[in-house]
Amino acid sequence: MIFSRALRREFSQSAVGVFVALFAIVITVVLVRLLGQAAGGRVPSDAVLALIGFGALTQLPIVLSLTVFIAVLMPLSRSYRDSEMVVWFASGVPLTAFIRPVLRFALPIVLGIAAATLFLSPWAHLKNAEFQARLDARDDASRVAPGVFRESAGAQRVFFVEMGAGENGKARNVFISSEQNGRLSVIMAAEGSLHTDENGDRFVVLEKGRRYEGEPGTPEYRVMEFETYSVLIEERKTESQGVRSRVIPTLELLQSPTEHNLGELLGRLGVPVAALLLALMAIPLSFVNPRAGRANNLMFAILTYLVYSNAISIFQSWVGQGRLRFGLAVWLPHVVVLALLALMFYRRLAVSPFWRARP
């Protein structure tokens, strides 16, 4: 009992510190990316906080997986460096005795990872997509305040509206200035309104106005009068099948087993299984020779995590492309890691491994 309680206490303390550090890194990365987009006009400043929350929730399974892996690895490595492992082994505690405390510590977190991967992360992706759609609906013209010159997202256009939209949904005295390929275009219209066609492309429809187009500094300008003129604001964004699959709830993936849906389901199932196997793999990986370098096992552990997670992503892509059957891909990478885990335990437990045995 002392052995088990001591290990779980160290694992828990290490997990809290690791989770706080990793989650802070994730928040910082998402914040820097969104602030850069907000500075460029691609994301409204009032939407940054909500997008940070959705982005953090989508990355939560990865953060928890790394947390449980590092939280087991670091205390056991410290025990090797401080020669505590020698005391445990001399007391008759084999390396396999660490499996039960590690499982008792890791299983609740793995269940949380499974819930986050199967339910919370798809919900966060869905809400993020809905929020982005609402932001896209607030296009350049809708963000213009009457009587104020405003730049569009990307600083390619300047809008001015003398009076906001009335009961008929049309703004009065609209001014649009844009520059493309070195040519300046100025449009003035008596009225303007928004329109979305059947393909999802958004236009500003101007009525009763003039358009001036030419190169600045030259007298070559064209003047055109029009009754109705449409200006394309934004084309409809096409999302890849992989992006669309992320927002589908897990139950719908099971009910509609297409290739892309099965690939997404494989990725979701692989995250908690990988977290459990990595927690067990941290036991033999934690071995440190006090006389050798202390960072070797940590570098190898990070490399192991990267290879394992990338292998799951590759199998997910192959299933989504129809190059590999779901029934084979769902267990093959985990069986390989399980075999490697057994080999690592054998290497640490065997006095004379078979590859070193002499005739």
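Here is a short chat about salt bridges and a surface patch in this predicted model.

Visitor: Hi! How many salt bridges are there?
Guide: Hello! The count comes to 10 salt bridges in this predicted model.

Visitor: Which residue does Arg210 pair with in a salt bridge?
Guide: Arg210 pairs with Glu225, and their closest N and O atoms are 3.0 Å apart. Arg210 lies in strand S5 and Glu225 in strand S6, so this pair ties together parts that are 15 residues apart in sequence.

Visitor: Is Glu225 buried or exposed?
Guide: Glu225 counts as exposed, at 58% relative accessibility. Arg210 counts as partly exposed, at 38%.

Visitor: OK, what about Arg183 and Glu213, what do their side chains form?
Guide: Those side chains meet in a salt bridge, at 3.5 Å from N to O. Arg183 is in strand S4 and Glu213 in strand S5, so the pair ties together parts that are 30 residues apart in sequence.

Visitor: And why does Glu213 count as buried?
Guide: Its relative accessible area is 15%, and buried means under 20%.

Visitor: What else does Arg183 form a salt bridge with?
Guide: Arg183 also forms one with Glu215, with the closest N and O atoms 3.8 Å apart. Glu215 sits in the loop between S5 and strand S6, 32 residues from Arg183.

Visitor: Changing topic: which residues form a nonpolar patch on the surface?
Guide: Leu298, Met299, Ile302 and Leu306 do, with about 370 Å² of accessible area together.

Visitor: Where is Met299?
Guide: Met299 is in helix H9, which covers residues 296-320. Met299 is exposed, with a relative accessible area of 56%.

Note on methods. Residues numbered from 1 in each chain as written. Predicted model: local features only at pLDDT ≥ 70, side-chain atom pairs only at ≥ 80, totals over all residues. Heavy atoms only, no water. Patch = residues over 30% accessible without salt bridge, like charges linked within 9 Å, V, L, I, M, F, W, Y side chains within 5 Å. Areas by Shrake-Rupley, 256 points an atom, 1.4 Å probe, with all protein chains shown as cover. Salt bridge = Lys/Arg side-chain N within 4 Å of Asp/Glu carboxyl O. Helix = DSSP H or I, 4+ residues; strand = E, 2+ residues; numbered from the N terminus. Buried < 20%, exposed > 50% of the residue type's maximum accessible area, 1.4 Å probe, protein only.
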